[in-house]
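Please keep the sequence and the model in view while reading.

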Amino acid sequence: MTVYYESTILRAGEEAQDMVDGGVVILYADPIPDALESVSVVHSPATKPEREVRVGDIFRLGDAEVELTAVGERAHENLHTLGHLVVYLNPDESTALLPGAVHGTGTVSLPAAGAKLSLSGGRT
């Protein structure tokens, strides 16, 4: 699997744990709008993504892996321009896919500062 996006976690907002516990990870690159700081995992990308986000890709957050099962039409654009991605973990089939979001299968824990985040091509 080829890694096409890498970043380092800087901090997590005070409500980010509640979001992760509820199955949603909100990622935002620094600098982040004040209104989103409390619910987001703030990170510092090494570079822009080298390609578009695709179904089957692997999202890694620390030691956890999530396989992407759906990708919204604006997810890549948001990741590329803002470092912003919303990951819904194990959503119900009835959960609508928002344009800037992705759905994935797996579990994650709230990452500590310094943890790595990456996206890579799917399993082959």
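The secondary structure of this protein, which is a predicted model, consists of three helices and eight strands. In sequence order, these elements follow the pattern β-α-β-α-β-β-β-α-β-β-β.

How do the strands come together? Eight strands close into a barrel, and their order around it is β1-β3-β2-β6-β7-β5-β4-β8. The twist from one strand to the next averages 35°. The pairing within the barrel is mixed, and individual pairs of strands illustrate this point.

Consider strand β2, which comprises residues 24–29. Strands β2 and β3 run parallel and are joined by three bridges. Within this pair, Leu27 has Val41 of β3 as its bridge partner. Strand β2 also pairs with β6, here in the antiparallel sense and over four bridges. In that pairing, Val25 stands opposite Val87 of β6.

Strand β6 may now be followed to its other partner. Strand β7, made up of residues 101–105, pairs with β6 in the parallel sense over four bridges. Val86 stands opposite Ala101 in β7. How enclosed is strand β6 by the rest of the structure? A residue counts as buried when its relative accessible area is under 20%. Strand β6 covers residues 85–89, and four of these five residues are buried, so the strand is largely enclosed by the rest of the structure.

The loops also deserve attention. Gly56 is located in the loop between β3 (41–45) and β4 (58–61). Is Gly56 buried or exposed? Its relative accessible area is 16%, and Gly56 is therefore buried. Computed along the chain, a distance may be compared with the distance in space: Gly56 and Asp92 are 36 residues apart in sequence, and their C-alpha atoms are 18 Å apart in space.

Finally, the protein may be viewed as a whole. The C-alpha trace spans about 35 × 35 × 25 Å along its principal axes. For 124 residues, a compact globule would have a radius of gyration near 14 Å; the protein has 13 Å, which agrees with that expectation. Of the 124 residues, 47% count as buried. The accessible surface comes to about 6400 Å², and carbon and sulfur atoms account for 49% of it. Among contacts with a separation of 6 or more, 72% are between residues 24 or more positions apart.

Terms used:
Residues are numbered from 1 along each chain as its sequence is written. This is a predicted model: local features need pLDDT of at least 70, side-chain atom pairs count only at pLDDT 80 or more; totals for chains, interfaces and linings use all residues. Side-chain values use heavy atoms; hydrogens and water are left out. Helices (H or I, at least four residues) and strands (E, at least two) are DSSP runs, numbered from the N terminus. Buried means under 20% relative accessible area, exposed over 50%, partly exposed in between (1.4 Å probe, protein chains only). Two strands pair if DSSP finds at least two bridges between them. Axes are lines fitted to C-alpha atoms, for helices over the stretch in contact, and angles run from 0 to 180 degrees between N-to-C directions. The radius of gyration is taken over C-alpha atoms; the globule rule is 2.2 Å times the number of residues to the power 0.38. Contact means heavy atoms within 4.5 Å. Accessible areas come from the Shrake-Rupley method with a 1.4 Å probe; for residues, only the protein chains shown count as cover.
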